[in-house]
Amino acid sequence: MTVQKITRPDPTCNTAMLTQWRATFVRRWHRNPDLADTNDPIGGHSARVALLLLNYWPMSSVFAITHALTHDLGEAYAGDVPGNIKRQHPELAGALEEVEALGAKMMGVADPNCTAREMAQVNLCDKLDAYLWMRHHKPGLANDPDWQASREWLLDEADRLGVDLPEGV
């Protein structure tokens with residue numbers, strides 16, 4: 001009887017995995033003058049988004065959890081452009097979305113394969129993490145009109161999805 005040794009793939013040869021791993025170090029907020037001095041790598045943000053998702057929806061699908069963990073990896077190619085800039089310039093937002101999607105595809109990140117509701121859940125958690133980050137690091141910014149608009153959107157979307165936001169939001 002011959003015993004076959006089981007070997008693991010060499011992670012140093014998996015360029016997609018290494019590119020994804022390296023993308024988790026891209027800093028969020030680098031183009032936001034109010035929060036640029038905070039250190040929030042995509043990997044930390046994505047983990048917090050997944051934690052929020054699992055706290056609100058403990059039976060989330062593997063697709064939704066995977067999307068929460070990988071949703072911003074494409075920013076390694078496009079950068080983290082502030083949401084207010086994207087809202088003011090929808091044509092720029094569309095172009096950035098295309099670049100991010102292409103970057104994610106080049107890294108081997110699969111399309112999320114989520115339902116519309118799961119996409120909305122991840123989006124809520126993504127925006128909630130940004131708001132909580134601001135409140136934790138620069139609470140005075142909560143009075144800024146853009147952050148007030150974000151708060152109102154969060155409250156409306158949480159209500160639509162049937163969840164309660166943390167106290168202080």
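Trainee: Which cysteine holds the sulfur closest to that of C114, and how many Å away is it?
Mentor: This is a predicted model, in which local features need pLDDT of at least 70 and side-chain atom pairs count only at pLDDT 80 or more, while totals for chains, interfaces and linings use all residues. Residues are numbered from 1 along each chain as its sequence is written, and side-chain values use heavy atoms, leaving out hydrogens and water. A disulfide requires a pair of cysteine sulfur atoms within 2.5 Å. The sulfur closest to that of C114 is too far for a bond, being in C125, at 12 Å.

Trainee: How many disulfides does the structure hold?
Mentor: C125 is in no disulfide, and its nearest cysteine sulfur is that of C114. The count for the structure is zero.

Trainee: Is C125 buried or exposed?
Mentor: Buried means under 20% relative accessible area, exposed over 50%, and partly exposed in between (1.4 Å probe, protein chains only). C114, at 18%, is buried. With a relative accessible area of 0%, C125 is likewise buried.

Trainee: At what angle do helix α7 and helix α8 pack?
Mentor: Helices are DSSP runs (H or I, at least four residues), numbered from the N terminus. Axes are lines fitted to C-alpha atoms over the stretch in contact, with angles from 0 to 180 degrees between N-to-C directions. For α7 (residues 116-137) and α8 (residues 145-161), the axes lie 10 Å apart and the angle is about 145 degrees.

Key: Helix = DSSP H or I, 4+ residues; strand = E, 2+ residues; numbered from the N terminus.
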